[in-house]
Amino acid sequence: MHFKNENRHMVDVLFVLSLFCVFAFSALMLVIIGADVYKKTAAHMDTNYASRISYAYLSEKIRQSDRADSFSVGTYGDGDAFMIGEEINGTTYYTYLYQYDGKLRELFTNTPESLNPSAGQVIMDCLHFSVSPLGDHLFCFSMTSSEGIETTLYVSTRCSVSSGQ
């Protein structure tokens, strides 16, 4: 009879131990699933952030310089460039927005032909950048992020576009 009582206590201990193991395994799986969801959400937020920042940057640059005949579309380096001209103390300077070496860049100069396209300030990662005027007051910007997500932005200005540089 004494032997039966020990077996019963052993079964009770095994039951509690197995119940604890099931609980620990469930908690571990919940943490792993939560970490995966967090990782995917953070990656999605980074992608959205990058595309919103690029568009906000481009549209704000245009809004800041919205004067008659200050915008033109051309090429710089190996691709399209959006150029914003302004006159400072009798000298015309241009802000070039272009893609070079996988980055969207900005270059402010009055002599662009003397500078290498790598001289521009890096704005963000960008695999492809193109711009085209769609009328006197409308521009179409197309960009491909480093993740391969292609997006298009249309910006309207209050002034008109010149034919190019």
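The model is predicted: local features need pLDDT of at least 70, side-chain atom pairs count only at pLDDT 80 or more, and totals for chains, interfaces and linings use all residues. Residues are numbered from 1 along each chain as its sequence is written, and side-chain values use heavy atoms, without hydrogens and water.

**Exercise 1.** State in which order the strands form the sheet, and which strands stand at the edges.

*Solution.* Strands are DSSP runs of E with at least two residues, numbered from the N terminus. Two strands pair if DSSP finds at least two bridges between them. The open sheet has 5 strands in the order β1-β2-β3-β4-β5, with antiparallel pairing. Strands β1 (71-76) and β5 (121-125) each have a single partner strand, so one side of each lacks a neighbour in the sheet.

**Exercise 2.** Follow β3 to its two partners: how many bridges join β3 to β2, and how many to β4?

*Solution.* First, β2 (residues 79-88) and β3 (residues 91-100) pair antiparallel over 8 bridges. Here glycine 85 lies opposite tyrosine 94 of β3. Next, 7 bridges link β3 with β4, again antiparallel, and threonine 95 faces phenylalanine 108 of β4. Their hairpin has 2 residues between the strands, and aspartate 101 takes a positive phi near 55°.

Methods: Helix = DSSP H or I, 4+ residues; strand = E, 2+ residues; numbered from the N terminus.
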